[in-house]
Amino acid sequence: MTDRIERELWLPATPDTVWDAVTSDGWLADHVRIDLRPGGDAQFDSDGRARSGWVEDVSVPERLIFWWAVDDEPASRVELKIEERGDGTRLRIVETRPLEVLDLVGVPLPGAGGSTYGPALVAA
Amino acid sequence: MTVPGPSDRVGALGASGADDRAGAVFGALSDPTRRALLAAIAEHPAATATELASELPISRQAVLKHLNALTDAGLLNRTRAGREVRYQFTPAPLSDAVGWMAEVGAEWDERLALLRGQLGDDVHAGPRGA
């Protein structure tokens with residue numbers, strides 16, 4: 001199992017509009033600076049929290065993959081996929097911490113009523 | 001100026017204390033014998049190396065080696081009772097992952113709600129009831 005978060009949203013807007021919205025200041029962070037090319041620097045600053053990272057892959061307006069990290073936390077990888085769907089656009093987000101939380105199935109969490117780590121995550 | 005490749009950059013971002021700690025946890029759990037040991041300790045709290053060796057098909061010496069690795073990774077607590085050393089499961093390093101899922105998931109939900117407000121149906125169809 002990997003630490004992984006997935007979200008999906010359909011919006012009645014064009015992919016270009018969605019791209020602009022998700023890469024503008026105020027969405028990923030209050031202030032966003034991304035050098036839109038593989039290996040480019042990225043800086044995400046919000047009140048009291050600064051993240052820095054870099055771009056893994058980019059294809060305007062359909063794909064942006066980047067890594068970000070707050071200083072003392074493990075880096076995570078964010079994948080934004082923008083796809084034309086029907087009269088609008090589907091935005092898909094996947095954030096992972098690729099440090100695998102390996103095969104923890106079978107290791108019970110004390111105090112969790114004997115449930116294992118996997119189902120506990122699903123329930124959360 | 002050289003632009004480091006992606007693999008270099010991962011290393012640069014990963015060089016933090018928390019990441020090292022997570023790496024130690026995942027490294028410790030990558031071994032099936034150590035996972036079996038953890039499971040055995042979770043079932044028999046405060047077990048000794050001798051007790052654990054009797055439950056697993058490995059020597060007491062091998063059990064001790066794995067117990068040290070798990071303790072170093074912060075997954076086990078050691079307590080001394082007389083001549084005995086007892087081991088206890090500490091799930092704190094794992095709950096960190098659960099906390100991350102909850103916290104970061106909530107951040108994305110907030111961002112999606114913001115987008116829906118900006119570009120969603122409401123913009124075109126007027127306000128709707130929640």
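This is a predicted model: local features need pLDDT of at least 70, side-chain atom pairs count only at pLDDT 80 or more; totals for chains, interfaces and linings use all residues.
User: What pLDDT does chain B average?
Analyst: pLDDT is the predictor's confidence in each residue, from 0 to 100. Over residues 1-18 of chain B it is below 50, and that stretch has 21 contacts beyond near neighbours in sequence. Residues 123-130 of chain B are also below 50, with 3 such contacts. In chain B, 66% of the residues score at least 70, and the average is 74.

User: What ipTM does the model score?
Analyst: Two scores go with the model as a whole. The pTM is 0.54, and the ipTM is 0.77.

User: How many helices and strands does chain B have?
Analyst: Helices (H or I, at least four residues) and strands (E, at least two) are DSSP runs, numbered from the N terminus. Going along chain B from that end, you read α-α-α-β-α-α-β-β-α-α. The count for chain B is 7 helices and 3 strands.

User: In what order do the strands of the chain B sheet lie?
Analyst: Two strands count as paired if DSSP finds at least two bridges between them. Strand 1 (47-48) and strand 2 (76-81) of chain B are the edge strands, each pairing on one side only. Strand 1 of chain B is joined to strand 3 (residues 84-89) of chain B by 2 bridges, running antiparallel. The sheet is open, its pairing is antiparallel, and its order is 1-3-2.

User: Which residue stands opposite T48(B), and which helix packs on that sheet?
Analyst: In strand 3 of chain B, the residue opposite T48(B) is R86(B). The packing helix touches strand 1, strand 2 and strand 3 of chain B, and its direction makes about 95° with that of strand 3; this is helix 3 (residues 32-43) of chain B.

User: Is helix 3 of chain B roughly parallel or roughly perpendicular to helix 5 of chain B?
Analyst: Axes are lines fitted to C-alpha atoms, for helices over the stretch in contact, and angles run from 0 to 180 degrees between N-to-C directions. The axes of helix 3 and helix 5 (residues 60-72) of chain B come within 10 Å and cross at roughly 80°. Angles under 35 degrees count as roughly parallel, over 145 as roughly antiparallel, 65 to 115 as roughly perpendicular and the rest as oblique. So helix 3 of chain B is, relative to helix 5 of chain B, roughly perpendicular.

User: How many residues of that contact between helix 3 and helix 5 of chain B are nonpolar?
Analyst: Residues are in contact if their C-beta atoms, placed from the backbone, lie within 7 Å. Helix 3 of chain B brings T33(B), R34(B), L37(B) and L38(B), and helix 5 of chain B brings V63(B), H66(B), L67(B), A69(B) and L70(B). Ala, Val, Leu, Ile, Met, Phe, Trp, Tyr, Cys and Pro count as nonpolar, Asp, Glu, Lys and Arg as charged, and the others, Gly among them, as polar. The contact has 1 charged, 2 polar and, for the nonpolar group, 6.

User: Is P45(B) buried or exposed?
Analyst: A residue is buried if 20 or more other C-beta atoms lie within 10 Å of its own, exposed if 12 or fewer, and partly exposed in between, with C-beta atoms placed from the backbone. P45(B) lies in the loop between helix 3 and strand 1 of chain B, and beyond four places in sequence it is in contact with Q88(B) and F89(B). Because P45(B) has 11 other C-beta atoms within 10 Å, it is exposed.

User: What phi does A46(B) have?
Analyst: A46(B) is in the loop between helix 3 and strand 1 of chain B. With 14 other C-beta atoms within 10 Å, A46(B) is partly exposed. Although A46(B) is not a glycine, its phi is positive, about 60°.

User: Over in chain A, which residue takes a positive phi in the hairpin of strand 3 and strand 4?
Analyst: Strand 3 (residues 41-46) and strand 4 (residues 49-59) of chain A pair in the antiparallel sense over 6 bridges. One of the bridge pairs puts D41(A) with W54(A). The hairpin has 2 residues between its strands, and the positive phi, near 75°, belongs to G48(A).

Conventions: Residues are numbered from 1 along each chain as its sequence is written. Chains are lettered from A and ligands numbered from 1 in the order in which they are written. Two residues are in contact if their C-beta atoms, placed from the backbone, lie within 7 Å.
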